[in-house]
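I opened my notebook and went through this structure one question at a time. Here is what I looked up, in order.

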Amino acid sequence: MIALVRYMITVLLLSQRYLAPLLLFIGLVAVLTTSDTGPLTATYASVAGAMLLCSVWLTMALSGLEDQPHRSIVVVSAGSHLRVLLATAGTAAVWCLLLTAAGLVLPLMFGTHAPSLADLVLGSEVQLTCAFTGIAIGLVCSRLVFRRQGYALVLALVLLLAVLLGKGVSPVSVMLTHLQSAADSAAVLGLTSVLLAVAAGFLAAAVAITLAIARRKA
């Protein structure tokens, strides 16, 4: 599995398809947090929204790096569709972890804040919640499920709007609602931990759905 993840990271680096979502993330964080002096709960909520968009884009780009014949060779070499799909999700998660580190530090550079440990833990949890949700959306809207990427893009936009705007529909919408009105980070750490676990469940379900469809199309 580690070898597969390393292979996919290398392919992604060589393709340079990571650049667009990376630059989008940095740009959004810069725009949303420059000269910010408010509570870090709201600041990290904004950063988490940027993570959601970029994780979807990154996962769809990663899933579409190889054409069908090349991917079939990778599947045969790996031994199963499941291993390759888990490696794809794992590679996207590794990139999102790097973005999470940037998302913790950049608001402190662009704004004026005195972060506590609770703030940093909260920032990590909310970004990972959005990352897991974004990876889930990216998988079910990837080339593994849709041959025509126009349909996949429309569905991705619909799902993004649903998880962001639908009240109680997703852990993301619940989390962002509570963060905007939270007095401090420590007060919502318990809730965000639960929502992170729910988002991980969403990702597991997305992997199962994508695997079932990919196997039927193979």
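This is a predicted model: local features need pLDDT of at least 70, side-chain atom pairs count only at pLDDT 80 or more; totals for chains, interfaces and linings use all residues.

**Entry 1: Cysteines**

How far is the sulfur of Cys 130 from the closest cysteine sulfur? I got 10 Å, and the partner is Cys 96. A disulfide needs the two sulfur atoms within 2.5 Å. The sulfur of Cys 130 is therefore too far away for a bond.

I repeated this for Cys 141. Its closest cysteine sulfur also sits in Cys 96, at 15 Å. That is too far for a bond.

Is Cys 130 buried or exposed? Cys 130 is buried, with a relative accessible area of 0%. Cys 141 is buried too, at a relative accessible area of 0%.

**Entry 2: Aromatic rings**

Next I searched for aromatic pairs, and the structure holds 1. Tyr 18 and Trp 95 make up this pair. The ring centres are 5.1 Å apart, with 25° between the planes. Planes under 30 degrees apart count as stacked, so I noted this pair as stacked.

Where do the two residues of the pair lie? Tyr 18 is in the loop between α1 (2-15) and α2 (19-33), while Trp 95 is in helix α5 (residues 81-110). The pair therefore ties together parts that are 77 residues apart in sequence. I checked burial as well: both Tyr 18 and Trp 95 are buried.

Most residues other than glycine have a negative phi. Gln 16 is not a glycine, yet I read a positive phi of about 65° there. Gln 16 counts as partly exposed, at 49% relative accessibility.

**Entry 3: Thr 133**

I moved on to helix α6, where Thr 133 is found. Its relative accessible area is 2%. Buried means under 20%, so Thr 133 counts as buried.

What does the side chain of Thr 133 reach? It reaches the backbone oxygen of Thr 129, at 2.9 Å. I then listed what Thr 133 touches, leaving out residues up to four places away in sequence. The list is Leu 52, Val 163, Pro 171, Val 172 and Ala 199.

**Entry 4: Ser 185**

Ser 185 is in the loop between α8 (171-181) and α9. Is Ser 185 buried or exposed? I found it buried, with a relative accessible area of 3%. I listed its contacts under the rule that residues up to four places away in sequence are not counted. Ser 185 touches Thr 41, Ala 118, Asp 119 and Leu 122.

I picked Ala 30, which is found in helix α2. Ala 30 is partly exposed, at a relative accessible area of 22%. I took the C-alpha distance from Ala 30 to Val 47 and got 9.4 Å. These two residues are 17 residues apart along the chain.

Then I took Ala 114, in the loop between α5 and α6 (117-140). Ala 114 is exposed, with a relative accessible area of 72%.

**Entry 5: Cavities**

I searched the whole structure for cavities of 30 Å³ or more and got 3. The largest cavity has a volume of about 140 Å³. There are 12 residues in its lining. Closest to its centre are Gln 68, Arg 71, His 81, Leu 144 and Ala 214.

Which elements each supply at least two residues of this lining? I noted α4 (68-78), α5 and α9 (189-217). Of these, α4 gives the most, with 4 residues.

**Entry 6: The largest pocket**

Last, I looked up the largest pocket and found about 210 Å³ of space in it. Its lining includes Leu 53, Val 56, Trp 57, Met 60 and Ala 61. Gln 149, Leu 153, Ala 156, Leu 157 and Leu 160 line the pocket as well. Which elements give two or more residues to this lining? They are α3 (40-63) and α7 (149-165).

Methods:
Residues are numbered from 1 along each chain as its sequence is written. Side-chain values use heavy atoms; hydrogens and water are left out. Rings of Phe, Tyr and Trp (its six-membered ring) pair if their centres lie within 6.5 Å; planes under 30 degrees apart count as stacked, over 60 as edge-to-face and the rest as tilted. Buried means under 20% relative accessible area, exposed over 50%, partly exposed in between (1.4 Å probe, protein chains only). A polar contact is a pair of N or O atoms within 3.5 Å; within protein, one must be able to donate a hydrogen and the other to accept it, and residues adjacent in sequence count only if both atoms are side-chain atoms. Contact means heavy atoms within 4.5 Å. On a 1 Å grid over the protein atoms alone, a cavity is a set of points where a 1.4 Å probe fits but cannot get out, and a pocket is an open set with protein on both sides within 12 Å along at least five of seven lines; lining residues have an atom within 4 Å of a point. Grid points are joined across faces, edges and corners, and a volume is the space filled by probe spheres set on the points.
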